[in-house]
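This report walks through one chain, from its overall fold to single residues. Keep the sequence and the 3D view at hand.

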Amino acid sequence: VEPYTDRNPANFRQHLAYVHRTYGNHSAFYKVRRGRRMLPLFYVYDSYQIQPSDWARLFSRKGDLSVRDTELDAVFIGLLVDLKHKTDIKKAMFDGYYTYFASNGFSYGSSWKNWKSLAHFAVQNSLIFIPSVGPGYVDTR
């Protein structure tokens, strides 16, 4: 999910409802198994632009805008660029994090040397870690 002007928990929830109504039953709508349910998976780009406490309104079962255990529930993956984002993503109640950038060393998250500790943190906190790779990608231009 790309960032958009004035993205906030309330309008993000509205947009999730639109996506669910419009595409939720389409065979090409990607879903993953979580327990007994098949849930959509959303990568949330630039998730760090919204405070963890605001995201938790959506992703915590106790949040006032919670999508958990509703028809809008999904697997939500936040973007990890800096080291501090791993704890922010946990506080925000995302299901995990991804690194996006394919160039080693471009950011903390894209630096291969950090992936072991990021994977360990994810396992310890029941989060999904998705390191992004780009075989053959060279970011020298």
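## Overall fold

The chain has four helices and five strands. Helices (H or I, at least four residues) and strands (E, at least two) are DSSP runs, numbered from the N terminus. Along the sequence the pattern reads α-β-β-α-β-α-β-α-β. The radius of gyration is 15 Å, close to the 14 Å from the globule rule for 141 residues, so the chain is as compact as a globular protein of that length. That radius is taken over C-alpha atoms, and the rule is 2.2 Å times the number of residues to the power 0.38.

This is a predicted model: local features need pLDDT of at least 70, side-chain atom pairs count only at pLDDT 80 or more, and totals for chains, interfaces and linings use all residues. Residues are numbered from 1 along each chain as its sequence is written, and side-chain values use heavy atoms, with hydrogens and water left out.

## Size, surface and burial

Along the principal axes, the C-alpha atoms fill a box of roughly 40 × 35 × 30 Å. The chain exposes about 8600 Å², by the Shrake-Rupley method with a 1.4 Å probe. Carbon and sulfur atoms supply 52% of that area.

Of the 141 residues, 45% are buried. Buried means under 20% relative accessible area, exposed over 50%, and partly exposed in between (1.4 Å probe, protein chains only). Contact means heavy atoms within 4.5 Å. Among contacts with a separation of 6 or more, 58% join residues 24 or more positions apart.

## Helix 2

Helix 2 buries Pro52, Trp55, Ala56, Leu58 and Phe59. Seen down the axis, these residues fall within an arc of 155 degrees, so they line one face of helix 2. The arc is that of the directions from the helix axis to the C-beta atoms. The cover over these buried residues includes helix 1 (9-23), strand 2 (37-44), strand 3 (75-79) and helix 3.

## Helix 3

In helix 3, the buried residues are His85, Lys86, Asp88, Ile89 and Ala92. They cover an arc of only 160 degrees around the axis, which puts them on the same side of helix 3. They pack against helix 2, strand 3, strand 4 (96-98) and helix 4 (115-124).

His85 lies in helix 3. His85 counts as buried because its relative accessibility is 6%. Beyond its neighbours within four places in sequence, His85 contacts Tyr48, Leu79 and Leu80. Just after helix 3, Met93 takes a positive phi of about 75 degrees.

## Where helices 2 and 3 meet

Two packed helices are described by the angle and the distance between their axes. The axes of helix 2 (residues 52-59) and helix 3 (residues 85-92) come within 7 Å and cross at roughly 35 degrees. Axes are lines fitted to C-alpha atoms, for helices over the stretch in contact, and angles run from 0 to 180 degrees between N-to-C directions.

Helix 2 brings Pro52, Trp55, Ala56 and Phe59 to the contact, and helix 3 brings Asp88, Lys91 and Ala92. By class, this contact has five nonpolar, no polar and two charged residues. Ala, Val, Leu, Ile, Met, Phe, Trp, Tyr, Cys and Pro count as nonpolar, Asp, Glu, Lys and Arg as charged, and the others, Gly among them, as polar.

## Phe76 in strand 3

Phe76 is found in strand 3. Phe76 is buried, with a relative accessible area of 0%. Which residues does Phe76 contact, leaving aside its neighbours within four places in sequence? They are Phe12, Leu16, Phe42, Phe59, Val67, Arg68, Phe94, Asp95 and Gly96. Pro40 is 36 residues from Phe76 along the chain, and their C-alpha atoms are separated by 8.5 Å.
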